[in-house]
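Could you walk me through this model, from its sheets to the surroundings of its ligand? Here it is, and a short tour follows.

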Amino acid sequence: MGRLAPTALPSSVSRFIGRRAEVAELRRLVGQHRLVTVLGSGGCGKTRLAIETAARARSDFPGGIAFAELAGLHGPEGVAGAVAGSLGLTGTAAIEMAPVIGDARLLIVVDNAEHVLDAVSRLVQDLLLRCPGLAVIVTSREQLHVTGEMAWRVPPMRLPPAEAPVALADIAAFDAVELFAARAAERLGGFRVDHENAALVASICRRLDGIPLALELVAARVGALGLAELFNRLDDGLRLLAMSSRAAVPRHQTLRATIDWSHELLDGPERLLLRRLAVFAGTFDLAAAEAVCADRNLAARDVADILQRLVDKCLLEPHPAGAGGLRYGMLQVIKQYALERLPEPEAAILRARHAAHYAAAVERLDADDRAFHVRGVELQAEYDNVRLALDWAGAHDPDLEVRTVEHLRWFWILKGALLEALQRTESALLRRPESPARRAALHADVATWRRKSGDVAGGAAHLDEAALLLDRIDDPRLASRVLRGRGLIRAACDDLPGAERDFLDAIALLDGLPANDDAVGALNNLARLRLLQGRTDQALIDMERAVQVAGRIARSNRPDHEAMLMLSQGAILSALNREEEAWERFLASARHAVHNGNRQECGDALQGLACVAARMRGEAACLELLAAARRMLDLAGASTDSCMVAHVARAERSSREALGARRAREAWTRGSGLDCDTVLERIDALTRRDAGGLLPRRKLEIVRLVADGLSNKEIAARLSISERTVEAHLDQLRRRFGLPNRTAMATWAISQGLVGT
Ligand SMILES: Nc1ncnc2c1ncn2[C@@H]1O[C@H](COP(=O)(O)OP(=O)(O)OP(=O)(O)O)[C@@H](O)[C@H]1O
Ligand SMILES: [Mg+2]
């Protein structure tokens, strides 16, 4: 047999990039478990990670580190020999290796085990039992499933997020971008991530799901094709899968070869399901896989089991969903590969079933009686597939397209998805549904989406079309919507009396009908119009009516009015100088919008908050919030709420003047980086930090007088208000800022810079 003489770890010509957290995690696992399986799809970086981790852990293994490469083996017979060889031994069975290893503190990296899993499992278990100082890292596309195994799935290389803006310096620091840039620079001297190409590079990395091998193969083409052309070609499966390089191992020369390696290890049913699953977009659940993929060649009851096997083999990614559910997703390159294997007419049949399944899901969710924001979360998870279903319906089944669009209306309102709603609704209208009622409703919807995205004239034309059709149908709710649309357009054109007439007519049309969301909407429109007319008290009364009607609507039919009503209330209260209440309403509305991922509504709420902030001396906060609002509205394709235009302009002007150019610029930059996921935290921080700065005028006056040593009675006299009011304000201040007595309040007021300004 000989003496233990572990072979060296293989060295790589290319630099190891990023993966700090992953190497640390893997090292920790190797310290805790004697058998760690590094799992993942082809080319995801298992071997590089295992080698890097082993090298760093050298001092933990005085007996040495061995590296056994199994990819070259054609069958299980060679496994023991390869492992023995890595130890400098010639034996072929564990029973012969074990006495030589003895109790040495030794680490063996067994690389690429998926094609010889059983043999590796048996050998490794045997060795671990006999050699107490031994630890093993196995890299494999499939788990061994033996006792004591700690399986760890390699995550993708870190990717810049799709939506949030990232600073240039930060983009280059994402592992995936760094790897892409490094490999591109090897081919094209001087290649760097800069302002011009950063977004494109980030998109390419995301499109490749951060898989190192894919990044390397694609980066190698930068010199020949240029980034933009390269990005376009990624959607062409044939080209992507064939991009080649003269890599160390044949398996890595193209993505197709890499995936072939996994595909060859699948049985018939696994291959069948894998190629059928390629018709899904994003993630999907078991029920969808069963509904779309099962037929007489594949029993629905078998789908769950085969899905699990594909997950085990790293051809599907498991995605834990809420409430203990599980969804599945396929890496893009694997999907391209699977699509290549999906022949016609099988593909056409599956796509039709896919569209029918998701159209039915949309219809069910529309008819569901749970709250809209709850259903919204569910529909959002399916939305990539819903889009695909709509596209399919657009080309093959116009009637299905129209119906699905109708069932999605609530969802687009909930999400503030103006541009998508507009495009999809216009597309449905082009199908010219036969029923005049349907056409009228679609025209009215297009008018709404157009107006909200700033195209008032376009909106008016569609309202005219809807009105013509209305002559032939009896639908008071639709008629009231058309009137409201007219009124809103009139208001936008400064015809306030005309708008008032339209809104009052719209309300009258609904008289006698059970409470419904059109009535709430009409009252809300009227209240906002009163605000524009300067009749704030009347606005408050109309608003209260709107809230009352909303409360009477059965929950199942109640769209999420809350946010809309809170926005209007905020605007009215702000006009009445009731800043604190206004702040609270706007904030509640912002929370609601954030919860639903509705940028349009969030932008509106932030503008409201900004206006209040400006009036409470929070000028920096004001500009920050306005910048965030501007960006969100732009992303949503929405224009500023007509009620708020003048206020917003005023708040911005006064804040800029108060801050000076430099500080104003800084605040604006900070705000431009905020999005739905970060803005609430920022508002909390702003409110805390500017606690003093964000005090309403009345409270500020009172605090100052307290600091000057005046009694409640003197303060009341000075401000011409009742002593009770003074006490109430002080009480709120005490609770809000935790100030036990007047001395504490005075000290605090001085520390906040509230005194003497
Ligand atoms: N952190 C990294 N830094 C630099 N290059 C990397 C890194 N991770 C992976 N690579 C490169 O990406 C390619 C694929 O990596 P690797 O060989 O580790 O994948 P794998 O998961 O072991 O694939 P397979 O399943 O085919 O064995 C290799 O060319 C490797 O050098
Ligand atoms: Mg490998």
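Which residue in β4 is the bridge partner of Val38? That partner is Thr139. Before going further, a word on ground rules: this is a predicted model, in which local features need pLDDT of at least 70 and side-chain atom pairs count only at pLDDT 80 or more, while totals for chains, interfaces and linings use all residues. Residues are numbered from 1 along each chain as its sequence is written, chains are lettered from A and ligands numbered from 1 in the order in which they are written, and side-chain values use heavy atoms, with hydrogens and water left out.

**Confidence**

The protein has a mean pLDDT of 90, with 96% of its residues at 70 or more; pLDDT is the predictor's confidence in each residue, from 0 to 100. Helices (H or I, at least four residues) and strands (E, at least two) are DSSP runs, numbered from the N terminus. Where pLDDT is low, the predicted coordinates should not be read in detail.

**Two sheets**

Val38 and Thr139 belong to a pairing of β1 with strand β4 (residues 134-140), which is parallel and has five bridges. Two strands count as paired if DSSP finds at least two bridges between them. The open sheet here is made of five strands with parallel pairing, in the order β2-β3-β4-β1-β5. Its edges are β2 (64-69) and β5 (149-153); each has a single partner strand, so one side of each is left without a neighbour in the sheet. On average, neighbouring strands of this sheet are turned by 20° against each other, direction ignored. Axes are lines fitted to C-alpha atoms, for helices over the stretch in contact, and angles run from 0 to 180 degrees between N-to-C directions.

Another open sheet has three strands in the order β6-β8-β7, with antiparallel pairing. β6 (283-285) and β7 (317-320) are the edge strands, each pairing on one side only. From one strand to the next, the twist averages 40°. Three bridges connect β6 with the antiparallel strand β8 (residues 326-329), and Asp285 stands opposite Arg327 in β8.

**Around ligand 1**

There are 22 residues around ligand 1, and Lys46, Thr47, Arg141, Glu216 and His252 come nearest; a residue is near if one of its heavy atoms lies within 4 Å. By class, this shell holds seven nonpolar, seven polar and eight charged residues. Polar contacts are pairs of N or O atoms within 3.5 Å; some are tabulated here.

| Residue and atom | Ligand 1 atom | Distance |
|---|---|---|
| Cys44, polar backbone atom | oxygen | 3.2 Å |
| Thr47, polar side-chain atom | oxygen | 2.7 Å |
| Arg183, N or O atom in the side chain | nitrogen | 3.0 Å |

The protein covers 93% of the 620 Å² of accessible area that ligand 1 has on its own, by the Shrake-Rupley method with a 1.4 Å probe. Elements giving two or more residues to the shell are α2 (46-56), α7 (175-187) and α9 (212-219).

**Backbone details**

Most residues other than glycine have a negative phi, and most peptide bonds are trans. Cys314, not a glycine, has a positive phi of about 60°, and sits in the loop between α16 (300-312) and β7. Glu344 and Pro345 are joined by a cis peptide bond, with omega about 0°; Pro345 is in the loop between α17 (332-340) and α18 (346-367).

Technical notes
A polar contact is a pair of N or O atoms within 3.5 Å; within protein, one must be able to donate a hydrogen and the other to accept it, and residues adjacent in sequence count only if both atoms are side-chain atoms. Ala, Val, Leu, Ile, Met, Phe, Trp, Tyr, Cys and Pro count as nonpolar, Asp, Glu, Lys and Arg as charged, and the others, Gly among them, as polar.
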